[in-house]
Structure formats: C-alpha cells, structure tokens
Amino acid sequence: MDRPDRMILTAGPSITKLEEGYVLDAVRHGWNWHWSDYLERFEKKLAEYLGVKHVLPVSHGTGALHLAMLALNIGPGDEVIIPDTTYIACANVVKYVGATPVFADVDRATWCLDPDSVERNITRRTRAILPVWMYGNAPDMDGIMEIAQRHGLFVVEDSCPALGTIYKGKKAGAIGDIGVFSFQGAKIAVMGEGGAFITNSDEFYERAQLLCKGGMDPSRQFWVKDVGYMYKLSNLQAALALAQIERIEELVARKRQIFGWYQEQLSGISAISINREPHGVRSNMWMSSVVLAEDVPASRDWFRTELKNRLIDTRPFFFPITMFPIYSNPRASGLNPNSYFVGLQGVNLPSGVERTKEEIDYIGRQIRELLKA
Ligand SMILES: Cc1ncc(COP(=O)(O)O)c(C=O)c1O
C-alpha cells in the first residue's frame, strides 16, 4: 500500500449486525417490562466471562474506580498507591474521597506498577494498591497480591483497557478485591461511554450498588440510605456492550493479529521497544505501542508529527501524573525514573480492530524509514 487516502486512526470499534440488532431491539422494546433486560444479560455474560460473582454496570470506568474507593471506605488520612504514569482518573478518584494518591514507579518493560516500588511507598497510612493494566499489558499481579496480603491492603485493579487479558489463567480485573472496566469508544469493547465494577465480595458490591443510584435502597423504592451518586448505566448502552462481550474473543484475536503484524515489521529495530508479554500472560493487545529508546536523537513530538504527515495517527503515552501542577512532585522524576521514561517516550500506534495488514505494513515501513532502521 502507498500513501493512504485518509488518516489511519489509533482506535475504532467493530460493529456488526449483532450489535445493530441488539441496539435496535433495545430502542424498540427495551422499555416498561423490558427496561433492564439488556442490563441483566450484560451483567450475567460479563460475570460468566470473567468468572466473578458480581458485575455492576456503570456509566464510566472513572465512576467504577470512584465506587471502588467508596466501597472500601477509603477517606481522609488514607493513602492509595498508584502508578505515576496512568490515566488521570486513578489519581482523581483517590482525591474525590479525600485520600492521598501516592505515586509509585512502573516496570520499564511492562509499563505497569512495579512491586518493588510499591513496597518502598508503603506507610502506616496505606490502605490500597491500584495496579493498572496499561494498554492491555499485565502487571506482576503475583508480586502485588503478595505485598497486599503481607501488609493487609486492598487491591483495586484498574483493568479498564484490559478486557480479555489473562494472567496465569485468571482474567484481568478478577484477581484483586475489586476490578474496573471501561467501555468508552476507543476500548476493545465499546458502548460509547460506560464501565463495570466487578467483585466477588457481597459487601463491596452492595455498597457500590447503593451509591451508584443516588444512595437509594435497592429493596425499598425511593428510600434513601446515603448520599449517593449517579453512575448507573442505560439498558440501551448495555445492549451494545452485550454484543461486544459475546464477540470478545474474536476482538482479542484481531488485536493480537494486528500486534503480530507490527512485531514482524518492527522487530530488530534497536531505537524502539514494543509491548512485552511476560510468560503466562495473554495480553488483549489493546494498543500496539512503541517506546523510543533513550539514545534516539529524535524526540517523541517529532516522531509523532512525521507520522501524522504520513497520515498515521498516534497517541502519546500518559504523562507522568507528578508532572501536572495539581499533583506536582519535583522529586518524582528521580524517584520514578521508569514512569518518566515510558510516559515521555511512549507512543500508541493505530490499533483499532478494523486495521488491515496492508495498513500495518505501511506504518512499519514509515517507522523504519524515520528511524533509519
Ligand atoms: C487506565 C484507565 N483507567 C481509567 C479509565 C477511565 O475510563 P472512562 O473513560 O470510562 O471513565 C481509562 C479510560 O480511558 C483508562 O485507560
């Protein structure tokens, strides 16, 4: 393929007759006696797929993370350890409940929370660890769970981007006390905006369920028990998500195929590293990505601009959160060098499930040319 005729985008869903059929059915019939049919099917299907007891459908991954903090009763005086490079919601939800986010470093190869750095950041105020499944990659969950057990801490998995990733036989999100997912439009499975809170704990589920719908008692109509929020999901969105979850293994296979094409194109280029899949992990490869090596003279901005000129859309990795004035810590770049390295050198490549081999081959050739590899 020569130059494409329009921008090759980083993300984008696969919508088939199945999704169209469910959504149309929900629009036509999903009211009155049937107002929650798709919500119930979505809950059941996702719980079955993940092998967990409870699924609470919510409006966003961010809402699910906030509910996790509330369900664990985390509040003022508490600390939650999160990776320094991740989506901003991880830090914000800790703030929402009046607690303090503590920023630990990530592993340079997986881009996920590093257990050694977690251990170094534990204080007597620490209540929870929040590992993030960056771009579908798996954190060292054995290491993190062992530390959590030894120190009596909760684990909230931000598995928002990792539906379908498997770590040593367990699904992402189903390992810690609570897991959360996002179904925002760029994710592997979409519903426009949306999320899910998952847990095996009756207590955490019931608390999140109450706070998700205005603090209203699920067993007594309009009886309010607490100051709640409005994070509930609509039946219409659940219809779309149900179809996507029914196809999740197909979507994972496509993402992995795209990553395989990149691997063929990009392997052996010393100026970059790509997603690493540790032994025992099946990543969903949500975002095929490259991290520019330290000694590459090209800047990330230059690299992204050049790709854009060649009609290749990219996304920068999440900046280290401690760079932002609202969470600033001038010592963090020294304390969390890997977060500053991958956060400032990483680039997500076009990875939408509809990408073709011809497009990936084109992108691979452009990267080789730019990096003179
Ligand atoms: C790692 C991570 N956490 C949380 C979120 C928040 O999800 P949402 O956009 O559904 O609120 C996202 C989504 O972009 C994410 O990538």
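Student: How many of the eleven residues of H3 are buried?

Tutor: The model is a predicted one, and in it eleven of the eleven residues of H3 are buried, so that the helix is mostly covered. The buried residues run from Gly61, Thr62, Gly63, Ala64 and Leu65 through His66, Leu67 and Ala68 to Met69, Leu70 and Ala71.

Student: What do the buried residues of H3 pack against?

Tutor: They pack against two helices, H4 and H7 (202-212). They also pack against the strands S1 (54-58), S5, S8 (178-182) and S9 (195-199). Ala68 of this helix gives a detailed example: leaving out residues up to four places away in sequence, Ala68 touches Val156, Ile178, Val180 and Phe197.

Student: Why is Asn73 called exposed?

Tutor: Asn73 has 12 other C-beta atoms within 10 Å.

Student: Which residues of H4 are buried, and what covers them?

Tutor: In H4 (residues 89-96) the buried residues are Ala89, Cys90, Ala91, Val93 and Val94. Their cover includes helix H3 (61-71) and the strands S2 (79-83), S3 (100-104) and S5 (154-158).

Student: How do you know whether Ser289 is buried or exposed?

Tutor: The count for Ser289 is 27 C-beta neighbours inside 10 Å. Since 20 or more are required, Ser289 is buried. Ser289 is placed in strand S12.

Student: Which residues are in contact with Ser289?

Tutor: Leaving aside neighbours within four places in sequence, Ser289 is in contact with Tyr135, Ile274, Asn275, Gly346, Val347, Asn348 and Leu349. As for separation along the chain, Ser289 and Pro316 are 27 residues apart in sequence and 9.6 Å apart in space, C-alpha to C-alpha.

Student: What makes S12 a partner of S10 and of S14?

Tutor: Strands pair if at least two bridges are found between them. Three bridges join S10 (residues 272-274) to S12, and three join S12 to S14 (residues 346-348); each number meets the condition, so both are pairs. The strands run antiparallel in the S10 and S12 pair and in the S12 and S14 pair. Ile272 stands opposite Leu292 in S12, while Ser289 stands opposite Asn348 in S14.

Student: Which residues of S12 point one way, and which the other?

Tutor: Ser289 and Val291 point one way, and Val290 and Leu292 the other way. All are buried. In a regular strand the side chains alternate between the two faces of the sheet.

Student: Why is the largest nonpolar core said to lie between domain 1 and domain 2?

Tutor: The largest nonpolar core has 115 residues, and Leu67, Ala68, Ala128, Ala196 and Phe197 have the most contacts inside it. Domain 1 (17-246) and domain 2 (248-370) both give residues to this core, so it lies between them.

Student: How far apart are the centres of domain 1 and domain 2, and how many residues of each take part in the contact?

Tutor: Taken over C-alpha atoms, the centres are separated by 25 Å. The contact takes 34 residues from domain 1 and 33 residues from domain 2. On the domain 1 side, the elements giving two or more residues are S3, strand S6 (166-167) and helix H8 (235-246). The residues of that side divide into 20 nonpolar, eight polar and six charged.

Student: Which residues come nearest to the ligand?

Tutor: Of the 13 residues around the ligand, the nearest are His60, Gly61, Thr62, Tyr87 and Ser182. By class, this shell has five nonpolar, seven polar and one charged residues.

Key:
Residues are numbered from 1 along each chain as its sequence is written. This is a predicted model: local features need pLDDT of at least 70, side-chain atom pairs count only at pLDDT 80 or more; totals for chains, interfaces and linings use all residues. A residue is near a molecule or strand if its C-beta atom, placed from the backbone, lies within 6 Å of it. Ala, Val, Leu, Ile, Met, Phe, Trp, Tyr, Cys and Pro count as nonpolar, Asp, Glu, Lys and Arg as charged, and the others, Gly among them, as polar. Helices (H or I, at least four residues) and strands (E, at least two) are DSSP runs, numbered from the N terminus. Two residues are in contact if their C-beta atoms, placed from the backbone, lie within 7 Å. Domain bounds come from an automatic or database domain assignment. A nonpolar core is a set of buried Ala, Val, Leu, Ile, Met, Phe, Trp, Tyr and Cys residues joined through C-beta atoms within 7 Å.
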